[in-house]
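Please read this briefing with the sequence and the model side by side.

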Amino acid sequence: MKTLLCYFSGTGNTKKVVDKFAKCYNDGEIEVVKIENNNIDMSMEGYDVLGIAYPIHAFNAPSIVVDFVKKIKKQAEKKKLFIIKTSGEPLALNNISSYKIRALLKKRNFVLTNEYHIVMPYNMIFRHTDEMAYRMWQTAEKIIPIYQKEIVDGKSSKLKHIFMGGFIAWLFRIEFWGGRFNGKKYKVNDKCIHCKKCARMCPVGNIEIDENGKFHFGNKCIMCMRCSFHCPTNAIKIGWFEKWKVWGAYHFQKPTEPEENRHKRYCKNSYKKYFARCEKKIKENEI
Ligand SMILES: Cc1cc2nc3c(=O)[nH]c(=O)nc-3n(C[C@H](O)[C@H](O)[C@H](O)COP(=O)(O)O)c2cc1C
């Protein structure tokens, strides 16, 4: 059985999950491919299982992932499919993010067997505390090998279906508006040190810097936040969404100093339920 796992990661969370997941396989059993710059000519030849992993963008899969899936050819024979998504909150509504790519892949003869949602810290909306990010990763590290084993053992696992999910996701497709109109509103302030990291890293080549050092943001932005999140000097303003900007990579270490949590009540119960569900599953699989 050979698996092809294709992933997109804006700021690194999904990549972190994918790296851990891929390590659970033996050598040669999995190939991991990054979806970037639409540069992949996808062929499933030689692979039995397809995995797709992505971060949730406003209850949707990122458009770069949808476009990638559209390029996949119809398979002559049915092939197994699994989906892994990461997001900042464990709300069941996040389940709808895969409906579009699931429908596209079904038409291409893929059969969904497993789908998982792994909660990782927000890269937009607000910054999770280091304590929370640490807890999320501690949980993910233990649950990922269990999910991988389920896939390999042929134990199907799916997420709850949400009524009218496809329509709700369509209403929320933030990238359609955000990318097209807000992307052009990005600005660079005088903290910029002209390292050009943002332009080099942009997964869709939306940032150009002219010979005078002036920045030009195009209308291809997919709102992945990579440029502003990883800017070394926090010099990029992200237009209408500036108040939701999260800046700087999470280190996922246990904090040594107490820190203020400004969002104590935010989705409190759903996080509680998520951790309880994961802990139960981890315990059940301990032996
Ligand atoms: C434009 C945008 C929209 C997002 N929408 C959601 C959302 O609807 N639900 C959610 O739980 N997290 C949402 N998030 C948070 C990310 O899904 C989460 O932080 C993810 O782990 C980031 O993964 P990455 O580092 O691989 O890009 C959003 C992030 C961005 C940038």
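**Loops and ligand surroundings**

C267 sits in the loop that joins β9 (236-237) to α9 (268-284), where helices (H or I, at least four residues) and strands (E, at least two) are DSSP runs numbered from the N terminus. The model is a predicted one, in which local features need pLDDT of at least 70, side-chain atom pairs count only at pLDDT 80 or more, and totals for chains, interfaces and linings use all residues. Residues are numbered from 1 along each chain as its sequence is written, and side-chain values use heavy atoms, with hydrogens and water left out.

**Backbone angles**

- Most residues other than glycine have a negative phi.
- C267, although not a glycine, has a positive phi of about 50 degrees.
- A58 also is not a glycine and has a positive phi, near 50 degrees, and this residue lies in the loop between β3 (49-55) and α2 (63-70).

**The shell around the ligand**

- The ligand is surrounded by 23 residues, each with a heavy atom within 4 Å of it, and the closest are S9, T11, T14, I56 and A58.
- By class, this shell holds 10 nonpolar, 12 polar and 1 charged residues, where Ala, Val, Leu, Ile, Met, Phe, Trp, Tyr, Cys and Pro count as nonpolar, Asp, Glu, Lys and Arg as charged, and the others, Gly among them, as polar.

**Atoms beside the ligand**

- A polar side-chain atom of T11 lies 2.5 Å from an oxygen atom of the ligand.
- A backbone N or O atom of N123 is 3.1 Å from a ligand oxygen atom.

Notes:
A polar contact is a pair of N or O atoms within 3.5 Å; within protein, one must be able to donate a hydrogen and the other to accept it, and residues adjacent in sequence count only if both atoms are side-chain atoms.
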